[in-house]
Amino acid sequence: MVFLTGGVAIAFALIHLYSYRLKFLDSTPRSWWLSFSSGISVAYVFVHVLPDLNEAQQDLSSSLMVLDFFEHHVYVAALVGMVVFYGLERIAKESREKNAAEGDGDVTEPGVFWLHMASFTLYNLVIGYLLYREEQDFSNLIMYAVAMGTHMLVNDYGLRNHHRRLYQKVGRWVLAAAVITGWVISSRYAISEAALAVVFALLAGSIILNVLKEELPDERQSRYWVFALGVSSYTAILLAL
């Protein structure tokens, strides 16, 4: 299974490195592939991840022996993940608007680019590390690989749209290296179940935000029915396993 998870990590890296060659993604209305991929990611979070967090909540509470106030802190971690990435998205949009108003092009400032890269590097490290979590069950590994692979496709599109040339020259290589590094770390070191629950929760909240930010804006002209098809079809598959 180590070789299989390593192959998945390499596949994740290749998505970042070469998804720009998929020219059909750069279209308005939004490419149905992106909307379908977003639906898969959302289905995975709500059908697979959130139920797991419910079980992990008990492990985390007993491990930390926290007060009743922190009874739902796994879900708070998911909320934190969503809020953090919402803030990053707002910063990127404001930077693009500022540069466009000053005649510097519809692109973010370098400082914002590196802030995004630092955040998504951690994001990809987590995705790569969690391959270790799914290693023990082949079907779970495949479901995780499909959901995260399609999610990376959506993330890559959004980041390239924000940062343009700088992402193409530097950013995609950084994120490709991050997911491989996460897998390497997971193959050598294991964190506690409690810490793993928090990490998974942060990822879940981040995925929800990163999908919705791409699907909801009017200018995207997103394809709702394709998004819904992605949600329903992947939900059916997850429930059947």
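Mentor: Gly 103, which comes after helix H3, has a positive phi, near 80°. Helices in this account are DSSP runs of H or I with at least four residues, strands are runs of E with at least two, and both are numbered from the N terminus. The model is predicted, so local features are given only at pLDDT of at least 70 and side-chain atom pairs only at pLDDT 80 or more, while totals for chains, interfaces and linings use all residues. Residues are numbered from 1 along each chain as its sequence is written, and side-chain values use heavy atoms, with hydrogens and water left out.

H3 itself covers residues 73–101, which is 29 residues. From its first C-alpha to its last it reaches 42 Å, close to the 42 Å expected at 1.5 Å a residue; the expected span is 1.5 Å times one less than the number of residues. Its buried residues include Gly 81, Phe 85, Leu 88 and Glu 89. Buried means under 20% relative accessible area, exposed means over 50%, and partly exposed is in between, with a 1.4 Å probe and protein chains only. Arg 96 and Asn 99 are also buried in H3.

Rolling a probe the size of a water molecule over the atoms shows where empty space is left. On a 1 Å grid over the protein atoms alone, a cavity is a set of points where a 1.4 Å probe fits but cannot get out, whereas a pocket is an open set with protein on both sides within 12 Å along at least five of seven lines, and lining residues have an atom within 4 Å of a point. The second largest pocket has 13 lining residues, and those nearest its centre are Phe 85, Leu 122, Tyr 123, Leu 202 and Ser 206. Two or more lining residues come from each of H3, helix H4 (110–129) and helix H8 (193–215). H3 gives the largest share, five residues. The space in this pocket is about 210 Å³, where grid points are joined across faces, edges and corners and the volume is that filled by probe spheres set on the points. Its lining has ten nonpolar, three polar and no charged residues; Ala, Val, Leu, Ile, Met, Phe, Trp, Tyr, Cys and Pro count as nonpolar, Asp, Glu, Lys and Arg as charged, and the others, Gly among them, as polar.

Phe 85 forms one aromatic cluster with Phe 120 and Tyr 123. Rings of Phe, Tyr and Trp (its six-membered ring) pair if their centres lie within 6.5 Å; planes under 30 degrees apart count as stacked, over 60 as edge-to-face and the rest as tilted. Ser 206 belongs to H8 and is buried, at 3% relative accessible area. Its side chain reaches the backbone oxygen of Gly 81 at 3.4 Å. A polar atom of the Ser 206 side chain also lies 2.8 Å from the backbone oxygen of Leu 202. A polar contact is a pair of N or O atoms within 3.5 Å; within protein, one must be able to donate a hydrogen and the other to accept it, and residues adjacent in sequence count only if both atoms are side-chain atoms.

Now the rest of the chain. The secondary structure comes to nine helices and zero strands, and 48% of the 241 residues are buried. Helix H6 (residues 138–163) has end C-alpha atoms 36 Å apart, which agrees with the 38 Å that its 26 residues should span. As 20 of those 26 residues are buried, H6 is largely enclosed by the rest of the structure. Thr 150 is in H6, and its side chain reaches the backbone oxygen of Val 146 at 2.8 Å. Arg 164 sits in the loop between H6 and helix H7 (165–188). Most residues other than glycine have a negative phi, and most peptide bonds are trans. Arg 164 has a positive phi, near 50°, and is partly exposed, at 35% relative accessible area.

Leu 238, in helix H9 (residues 224–240), is buried at 11% relative accessible area. Leu 238 and Met 143 are 95 residues apart in sequence, and their C-alpha atoms are 7.6 Å apart.
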